[in-house]
Amino acid sequence: MVGEAPQEAEPRYRIRALHTADTVTVYQAYAPGIGLPAARDGRFPAAWKRDRMTWIKPSFLWMMYRCGWGTKEGQETVLAVEISREGFEWALRNACLSHYERGLHADQAAWKQQLKAAPTRVQWDPERDLRLRPLPYRSLQLGLSGEAARRYADEWTVAIRDVTPLATRIRRLVGEGAVDEAARLLPEERPYRVADEDGVLARIRP
């Protein structure tokens, strides 16, 4: 669980998520016209653009930073999307780092070619505490396009929940100074072990 500060030494890059033996929970935020039908029906509506890149985030607090606790225009409905572990790991195996990294890629041309061909891209952003301040370690974001976006919407998704009320409650508690109480409401994000972790993460971790 991420609170005011890391409770133990964290590696700079590590996947942390709410997960079960079969699923991983990721977060997104949408306007109510998309978010509310998705939560009601447990699947993304036809209006959800399957031909556009979509970013999914296993970190609840990074999503809160991005959407302003569900207050930013067009991001008023915060969704917890439970997807299959099989789908999540397919996305990781087929991903390319979103930026060129010397020593990881042969050269910029090779990286650009790999990025163009990959249906998934990875970005690592500073994790956030309950006041949305950056922490000294980073959390995973996955950008899904093409085949990955279609699979996410129509094959990998197991359940969709509207967690906007949870976001609102946690934000209110933090504003009132009840940080410990707010921290107890956070999703339990634990280190996530990837099958063939060394091989998979070596390609997408700076």
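Me: Which elements each supply at least two residues of the lining of the largest pocket?
Reply: This is a predicted model, where local features need pLDDT of at least 70, side-chain atom pairs count only at pLDDT 80 or more, and totals for chains, interfaces and linings use all residues. Residues are numbered from 1 along each chain as its sequence is written, and side-chain values use heavy atoms, leaving out hydrogens and water. Elements here are DSSP runs numbered from the N terminus: helices (H or I, at least four residues) and strands (E, at least two). At least two lining residues each come from β2, β3 (54-56) and α2.

Me: What volume does the largest pocket have?
Reply: On a 1 Å grid over the protein atoms alone, a pocket is an open set of points where a 1.4 Å probe fits, with protein on both sides within 12 Å along at least five of seven lines; lining residues have an atom within 4 Å of a point. Grid points are joined across faces, edges and corners, and the volume is the space filled by probe spheres set on them. The volume is about 460 Å³.

Me: Which of the lining residues are the closest to the centre of the largest pocket?
Reply: The lining holds 18 residues. The closest to the centre are Ala 29, Tyr 30, Arg 52, Met 53 and Thr 54.

Me: Which strands stand at the edges of the open sheet?
Reply: The sheet has three strands in the order β2-β4-β8, with antiparallel pairing; strands pair if DSSP finds at least two bridges between them. Two of the strands have a single partner each, so one side of each is left without a neighbour in the sheet. Those edge strands are β2 (23-30) and β8 (157-162).

Me: Over how many bridges do β2 and strand β4 pair?
Reply: Strand β4 covers residues 77-84, and Thr 25 stands opposite Glu 82 in β4. The pairing with β2 is antiparallel, over eight bridges.

Me: Which residues touch the most other members of the largest nonpolar core?
Reply: A nonpolar core is a set of buried (under 20% relative accessible area, 1.4 Å probe, protein chains only) Ala, Val, Leu, Ile, Met, Phe, Trp, Tyr and Cys residues joined through side-chain atoms within 4.5 Å. The largest has 36 residues, and the two touching the most other members are Phe 44 and Tyr 152.

Me: Which helix gives the most to this core?
Reply: The contribution is five residues, from a helix spanning residues 147-156. That helix is α5.

How values were computed
Buried < 20%, exposed > 50% of the residue type's maximum accessible area, 1.4 Å probe, protein only.
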